[in-house]
Amino acid sequence: MRKKKNPRPRVLVLHGPNLNLLGRRETSIYGTKSLEAINGEIVSLASELKMDVSILQLNSEGEILDVIQRGEYDALVINPAAYTHTSIAIRDAIAAVRKPTVEVHLSNIHKREEFRRRSYIAEVADGQISGLGSESYLLALRAVRSLLSKRGDIPSL
Ligand code: DQA
């Protein structure tokens, strides 16, 4: 039987460790916008794109794994923060669940310290958006929408 198209895809936006401190943390790198303000922009674009969005900020790697493994989403936008550079476990969970996934970074991880250039997540994500501040999340939302519609999972807008 043909899979029924889901007219309102569920997108999970996952913010990793320390991102709860946005607006106060290293503002010359991450800007002065709070996580709450960024989440507001995400919610409003998601509604424009006719997608249901859930947003979570988690500091612990195990909790991030649990949420990814549950797979209660059609597409994932993830800023794994420092786990980007260390977590084979998050990489493996994304690979196991196999849903359209876009990796996001506020800062340009390729322009900073050497250790930030290595992303374990990039190898299993469909794409990576890095360096555009909160706009990185908004572009990622548009990207997952287009990935889902190319797969035929949702009608195009
Ligand atoms: C970050 C970049 C990471 O290197 C860093 O550890 C973060 C935030 C970003 O959004 O620019 O916590 O993911």
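R25 is located in the loop between strand 1 and helix 1, where helices (H or I, at least four residues) and strands (E, at least two) are DSSP runs numbered from the N terminus. At 18% relative accessibility R25 counts as buried; the term buried means under 20% relative accessible area, exposed means over 50%, and partly exposed lies in between (1.4 Å probe, protein chains only). The model is predicted, so local features need pLDDT of at least 70 and side-chain atom pairs count only at pLDDT 80 or more, whereas totals for chains, interfaces and linings use all residues. Residues are numbered from 1 along each chain as its sequence is written, and side-chain values use heavy atoms, with hydrogens and water left out.

**The loop between strand 1 and helix 1**

Not counting residues up to four places away in sequence, R25 touches N18, L19 and Y30; contact here means heavy atoms within 4.5 Å. N18 lies in the loop between strand 1 and helix 1 (27-30). With 35% relative accessibility, N18 counts as partly exposed. Its backbone has a positive phi of about 75 degrees, although N18 is not a glycine. Beyond four places in sequence, N18 touches R25, Q57 and N59. The C-alpha atoms of N18 and R112 are separated by 18 Å, and these residues are 94 residues apart along the chain.

**The ligand shell**

R25 is also among the residues that surround the ligand, together with Y30, N79, A81, A82, H85, H105, L106, S107, I109, R112 and R116; a residue is placed near the ligand if one of its heavy atoms lies within 4 Å of it. By class, this shell has 5 nonpolar, 4 polar and 3 charged residues. In this classification Ala, Val, Leu, Ile, Met, Phe, Trp, Tyr, Cys and Pro count as nonpolar, Asp, Glu, Lys and Arg as charged, and the others, Gly among them, as polar.

| Residue | Atom of the residue | Distance to an oxygen atom of the ligand |
|---|---|---|
| A82 | backbone N or O atom | 3.2 Å |
| H105 | polar side-chain atom | 2.8 Å |
| S107 | polar side-chain atom | 2.6 Å |

Taken alone, the ligand exposes 320 Å², and the protein buries 98% of that; accessible areas come from the Shrake-Rupley method with a 1.4 Å probe, and for residues only the protein chains shown count as cover.

A81 is found in the loop between strand 3 and helix 4 and is buried, with a relative accessible area of 13%. A81 has a positive phi of about 50 degrees although it is not a glycine. H85 is found in the loop between strand 3 and helix 4 (88-97), and H85 is buried at a relative accessible area of 14%. A polar atom of the H85 side chain lies 3.3 Å from the backbone oxygen of R116. Leaving aside neighbours within four places in sequence, H85 is in contact with I109, F115, R116, R118 and Y120.

**The nonpolar cores**

A nonpolar core is a set of buried Ala, Val, Leu, Ile, Met, Phe, Trp, Tyr and Cys residues joined through side-chain atoms within 4.5 Å. The largest such core has 26 residues, of which V77, Y137 and L141 touch the most other members. Two or more residues each are given to this core by strand 1 (10-15), helix 2 (35-48), strand 3 (75-79), strand 4 (101-105) and helix 5 (135-150). Helix 5 provides the largest share, 6 residues. Apart from neighbours within four places in sequence, V77 is in contact with V11, L12, V13, L14, V102, V104, Y137, A140, L141 and V144. A second, separate core of 16 residues includes L12, L14, I68 and A93.

**The loop between helix 2 and strand 2**

M51 lies in the loop between helix 2 and strand 2 (52-57) and is buried, with a relative accessible area of 2%. M51 and R10 are 41 residues apart in sequence and 6.1 Å apart in space, C-alpha to C-alpha.

Note on methods. Polar contact = N/O pair within 3.5 Å; in protein donor to acceptor, adjacent residues only side chain to side chain.
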